[in-house]
Amino acid sequence: MVKATNLGFPYVGAQRELKKLVESYWSGKITEADLKAGYLKIQEAHWKVQQEKGVEHIPSGEFTLYDRVLDTAQQFGVIPQRYQHLPALDQFFAMGRGLQRPATETTPKVDVPAMEMKKWFDTNYHFIVPELENDQTFTLQAPRAVEQFKAAKALNIHTRPVLVGPVSFLYLGKPAKGVADFDTLSLLPKLLPQYIELLKQLKEAGADWVQIDEPALIYDLAAPVKQAFATAYQSLQAAATGVKILVAAYFGRIESNAEALLPHVDGIHLDLVRAPQELDAIIPLLTNGQVLSAGVVDGRNIWINNLAKSIELVEKAVQALGQDRVFVAPSCSLAHSPFSTAFETKIKAANPELYSWLSYSVEKCGEIATIAKAVTQGREAVQTELQANAAAIESRRTSPQTVNPQVRDRVAQVPAEAWKRPSAFPVRREAQVKKLNLPLFPTTTIGSFPQTKEIRVARQKHNKGELSDADYDAFIKEQMKYMVQQQEELDLDVLVHGEPERNDMVEHFGHLLHGYDFTQNGWVVSYGSRCVKPPVIFGDVSRRCPMTIEEIKYAQSLTKRPMKGMLTGPVTMMKWSFVRDDIPADQLCAQIGLALRDEVVDLEAAGIPCIQVDEPAIREGLPIRRADWDAYLEWSVGCFRLSTSGVRDETQIHTHMCYSDFNDIFDAIAAMDADVITIENSKSDEKLLNIFETKQYTNEIGPGLYDIHSPRVPSVEEMKQRFADMLKYIPTHLLWANPDCGLKSRQWPETKAALANMVEVAKFFRAQQ
Ligand code: MET
Ligand SMILES: [Zn+2]
């Protein structure tokens with residue numbers, strides 16, 4: 001019998017119950033006991049819903065109150081010194097999010113920052129990076145997996161415990177602050193006995209299968225790391241704990257990384273959505289009853305599965321291995337997909353066709369069960385489900401909502417010259433210098449100004465219909481007027497309209513484009529208790545109407561200084577949305593690129609001399625494997641150019657990225673060929689500037705002069721220092737003065753003070769020349 005299994009579930013809850021629960025605990029509204037009782041109830045509901053949907057291997061132990069890598073660190077005693085004095089639960093949250101607490105009669109004052117957070121592979125989830133000492137000791141304490149397994153068992157639900165694997169844990173960890181650099185994998189021999197102990201405890205509690213997540217298997221790995229995998233699983237096997245081990249890799253292909261560990265495990269999970277070709281590669285390597293867990297249902301998106309296709313794939317595995325050696329599974333933990341489409345009442349009513357294409361975690365569990373049943377009992381056993389699915393897939397393939405022939409034709413017929421500016425940068429620069437007549441070291445900002453409470457309230461009222469369109473427009477105009485006035489007073493050179501009309505740089509444009517929709521409850525965790533609700537791209541994308549012209553034109557009418565138009569680039573529009581999976585990414589990106597191209601051309605026609613197209617997400621879209629980088633950079637950079645190259649030489653194209661860590665893709669950034677790029681710098685001066693020692697950036701550039709993430713006002717002196725450092729690397733005539741990123745999360749007083757200092761610095765250096 002082919003088993004329906006799951007790897008992980010959206011622990012945040014159907015209506016983000018867990019978020020509300022932990023946040024109430026943080027604010028002191030509920031006690032630790034309330035928190036415990038509360039999360040047990042949530043877990044119970046989750047186990048039950050998976051059971052009802054027909055999942056046979058229900059995961060436990062992956063449920064976390066903040067982050068499961070952090071859970072893993074704490075339960076093995078990987079606790080940096082600065083948190084060690086705190087009681088367990090406070091300690092856990094302090095490591096995740098920092099803790100500030102005044103002294104009481106019995107306890108001293110606490111003030112500890114959070115540990116570092118990093119992106120979890122190529123998802124938008126962020127995990128807490130374990131800090132390891134080179135003489136680190138490990139001690140197993142209160143393992144979550146055992147606690148949760150027992151809790152489920154008490155409810156009569158048999159679960160499959162999930163652990164973060166020992167190699168991935170160490171590989172993703174880093175040497176603690178102040179410790180000399182060392183290979184964190186060298187700690188493996190010390191860590192493994194703790195895993196053995198944990199497996200024994202799970203066995204004792206009644207577990208049979210244990211899922212050990214080793215997502216690090218999808219990286220380009222050096223030989224010693226592959227060896228570490230082999231060593232680790234060899235010793236777990238030799239310990240004969242009595243549980244069966246399923247090693248799970250996901251988010252990509254494992255290639256040869258698992259070969260050495262394979263003989264030492266009872267099964268392996270593969271992400272067959274990202275790497276379907278690995279099915280054929282792995283089958284011949286499985287022996288002695290080893291199991292293949294086939295990840296055929298995409299755990300990272302919101303779309304229905306093509307059941308007929310998945311069934312075929314699983315049948316192929318069954319033919320080779322037999323029914324008892326195949327599990328059906330999501331590609332990765334379902335924690336990366338929202339909870340259930342049942343809450344999408346608005347889409348259901350307004351667009352039932354789109355609704356029929358959606359599948360969130362609960363529905364995905366149903367899909368997994370259907371696939372398993374079809375393969376075990378034959379397709380007839382699930383005929384109704386298969387028919388409904390086939391109809392939905394067909395409607396999605398042919399619907400005018402997804403396919404717009406005009407858009408398709410336009411993408412297919414983009415002329416070669418549309419992929420780049422007509423003239424080279426030096427020629428464009430000459431035209432721009434003449435037209436803009438800017439001083440040396442021009443000053444500008446990145447786009448947004450403070451999103452004040454007043455702005456948020458007005459937007460809410462407008463959304464609820466309490467503020468008329470006309471009144472809201474008038475309000476936004478007032479805001480722009482204020483923002484332009486402030487910039488003139490500060491004596492900035494290139495002004496912006498300030499983005500008061502935008503709630504979010506992607507969602508705002510989504511509303512103005514065909515092919516986008518918005519969910520009510522499509523939440524996924526971004527980090528800790530923080531969730532995001534990305535827009536959905538379901539169809540071919542084109543402009544509904546000009547998107548920004550009114551506002552920018554109005555802002556320009558208020559000043560003689562050049563106004564900078566402000567758009568979100570095609571790659572970022574995709575990366576920060578739930579993207580359709582029925583056309584290739586490069587095609588979708590070109591569609592968005594063309595929509596933006598029209599807007600860029602319209603802005604120019606409206607008399608806007610500078611246009612910024614933000615691409616903060618280009619780097620995070622970089623594929624995990626180096627071998628895939630070139631193809632990705634080719635289309636993503638190409639689409640940026642497509643969106644920006646419809647203008648005359650004299651129109652100055654800007655772009656912006658808020659990280660400086662792009663030394664490895666420097667050539668691609670240069671190939672974007674923006675006239676001006678503004679980038680982050682202030683948090684990592686050297687990292688960014690070092691690259692200029694070896695490579696030349698030929699266009700204009702504004703490395704951020706100060707960090708906008710903090711309310712702190714940078715002094716003139718420190719910015720002078722930073723500017724002087726930049727001047728060592730960047731030719732005088734190419735350098736701009738600007739902050740790191742947009743100012744929307746700041747307040748006005750600090751914004752004005754910081755910008756005033758920044759302008760002073762630019763003027764000081766101008767006077768020196
Ligand atoms: C995350 S990058 C933000 C760019 C945008 N133009 C802003 O200033 O807010
Ligand atoms: Zn930014």
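What share of the contacts in the protein with a separation of 6 or more comes from residues 24 or more positions apart? The legends below start there.

**View 1. The whole predicted model, with its contacts and dimensions.** Residues 24 or more positions apart supply 78% of those contacts, where a contact means two C-beta atoms, placed from the backbone, within 7 Å. This is a predicted model, so local features need pLDDT of at least 70 and side-chain atom pairs count only at pLDDT 80 or more, while totals for chains, interfaces and linings use all residues. Residues are numbered from 1 along each chain as its sequence is written, with chains lettered from A and ligands numbered from 1 in the order in which they are written. You'll find 27 helices and 23 strands here; these are DSSP runs numbered from the N terminus, helices being H or I with at least four residues and strands E with at least two. The C-alpha trace spans about 75 × 65 × 55 Å along the principal axes. The radius of gyration is 27 Å, which agrees with the value near 27 Å for a compact globule of 769 residues (taken over C-alpha atoms; the rule is 2.2 Å times the number of residues to the power 0.38).

View 2. Of the 8 residues in β18 (residues 536-543), 6 are buried. Buried means 20 or more other C-beta atoms within 10 Å of a residue's own, exposed means 12 or fewer, and partly exposed is in between, with C-beta atoms placed from the backbone. Across the protein, buried residues make up 48% of the 769. Strand β15 (residues 513-517) runs antiparallel to β18, joined by 4 bridges; pairing takes at least two DSSP bridges. Look for H514 opposite S542 in β18.

**View 3. The shell around ligand 1.** Around ligand 1 sit I446, G447, S448, M505, M566, D614, P616, H656, C658, C741, G742 and K744, each with its backbone-placed C-beta within 6 Å. By type, that's 6 nonpolar, 4 polar and 2 charged. Here Ala, Val, Leu, Ile, Met, Phe, Trp, Tyr, Cys and Pro are nonpolar, Asp, Glu, Lys and Arg are charged, and the others, Gly among them, are polar.

View 4. F251 has phi near 80° without being a glycine, and lies in the loop between β11 (244-248) and β12 (267-271). F251 counts as buried because 22 C-beta neighbours fall inside 10 Å. N437, also not a glycine, has phi of about 50° and belongs to the loop between α16 (425-436) and α17 (453-464). With 9 C-beta neighbours inside 10 Å, N437 counts as exposed.
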